[in-house]
Amino acid sequence: MHKIVIVGGGAGGLELATKLGDTLGKNKKAEITLIDCTKTHVWKPLLHEIAAGSMNPDKHELEYMAQAHWHHFRFRLGRMDRLNRRKKEISIASYIDEDGKEIIPRRSFQYDTLVISVGSTTNDFGIKGAAEHSIALDTQEQAEVFHQKLHHAILKAQTQKKSIQPGQLEVVIVGAGATGVELAAELHKATREMTVYGIDRVNPDRDIKISIIEASSRLLPALPKKLSNSVALELRKLNVHLYLGERVTEVSAKGIKTHTKKIISSGLVVWAAGVKAPNFLKNIDGLETNRINQLMVNSSLQTTKDDSIFAFGDCAACPIDGTDQYVPPRAQAAHQQANLLFKSMKLRVKGKTNLPRYVYKDYGSLVNLGTYSTVGNLMGSLIGDSMFIEGIIARLMYQSLYKMHLMALHGFTSMALQSVARMITRRSEAQVKLH
């Protein structure tokens, strides 16, 4: 059978594997294999809620092995690090446990079609101290590490004999994109809910400080200015400190230093500025990449040097027709591309070479500030202008994005039952994760 190997089980990769498994895999027309370096999947836009403690990941994570069993594809645990285009073979590094013991040895997988969807990682631009003294939010593990550090910092402040020191409970977020601003609002809510459960020596309004540092002159620089201004207004109402037009030059254990010589003390630093594709992709076996390691692809999402290798999502640089720009690294683009590749894979299995072309459709952007507000612009370039929305309508639309992802993975009935079950169990649980 035609072997389709998908590397990367993010939203796009997992949706594609599920759809192909339900069609080609189920009918024995192709062998579908999904490879990922983790055992479970969590929708990446939820990571800021996991970091703040507003969401328990155990309630929302999906087991790759179970999904593969239910939807007729294979799952293999491991991290791709080598490619042999001549042999049509990828190599997966050995899997090492927490104690440094090898659990799974290095393996190789043959492919007829390879699809790379490994997403992106945070780009710290080589800033001094950023890698050592800040936490990114690229993975569930990183989000959980941040939550543990935040929770421990609050517990320490609650039980220490001396008074709370300046910067001890200050969180500084570098980068004012969607992740940064959504995390700031979620932290404001979560830290106040945390103090309800017996944390009586910490006054969140006095002791907990949240700051955002952004090199641009405004929040959300990639989105419309009206949306940026609305988000800035809401964050200032929450007493989130905004340092705009400030470029970070150094991160240390004590805080942040900017190019204007500002020093911002902090107990925790989150790095949410800039993205790049994983380093292992850089010129891997001669494939063309750009300066941030993205694989260069044409409008069929095939790599420029090899028609048997496709790439999509954040790890791919796909041109926007009629412009010199590339598709932005956004969830909606990955979802659209996964749908296109579903059609393309079915054609390739039949031996067709004339594949459909991807045309980016901007449906707008939504930014969720937790219980405080949701704002966004709808339709984007489809109507030549943006329609600004906020409040309950924007929040419902934001929530519907996650429901659409669940529907793509489980179907409507399962998604609806899961949603109802979570609404019921939520009433008997703490509103913030306390461990």
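Visitor: Is asparagine 293 buried or exposed?

Guide: Buried means under 20% relative accessible area, exposed over 50%, and partly exposed in between, with a 1.4 Å probe and protein chains only. At 6% relative accessibility, asparagine 293 counts as buried. This is a predicted model, where local features need pLDDT of at least 70, side-chain atom pairs count only at pLDDT 80 or more, and totals for chains, interfaces and linings use all residues. Residues are numbered from 1 along each chain as its sequence is written, and side-chain values use heavy atoms, leaving out hydrogens and water.

Visitor: What is the phi of asparagine 293?

Guide: Most residues other than glycine have a negative phi. Asparagine 293 is not a glycine, yet its phi is positive, about 70°. Its place is in the loop between strand E20 (275–276) and strand E21 (295–296). Helices (H or I, at least four residues) and strands (E, at least two) are DSSP runs, numbered from the N terminus.

Visitor: What is the phi of leucine 301?

Guide: Leucine 301 has a positive phi of about 75°, and it is not a glycine either. It lies in the loop between E21 and strand E22 (302–303). Leucine 301 is buried, with a relative accessible area of 0%.

Visitor: In what order do the four strands of the open sheet stand?

Guide: Two strands pair if DSSP finds at least two bridges between them. Here the order is E15-E14-E13-E19, and the pairing is parallel. E15 and strand E19 (268–271) each have a single partner strand, so one side of each is left without a neighbour in the sheet. The twist averages 15° from one strand to the next.

Visitor: Over how many bridges do E13 and E14 pair?

Guide: Strand E13 (residues 170–174) pairs with E14 over five bridges, in the parallel sense. Isoleucine 173 has isoleucine 212 in E14 as its bridge partner.

Visitor: Which strands does helix H6 touch?

Guide: Contact means heavy atoms within 4.5 Å. Helix H6 (residues 178–194) packs on the sheet and touches E13, E14 and E19. Axes are lines fitted to C-alpha atoms, for helices over the stretch in contact, and angles run from 0 to 180 degrees between N-to-C directions. The direction of H6 makes about 175° with that of E14.

Visitor: What is the average pLDDT of the protein?

Guide: pLDDT is the predictor's confidence in each residue, from 0 to 100. The protein averages 88, and 90% of the residues score at least 70. Over residues 379–384, pLDDT stays under 50.
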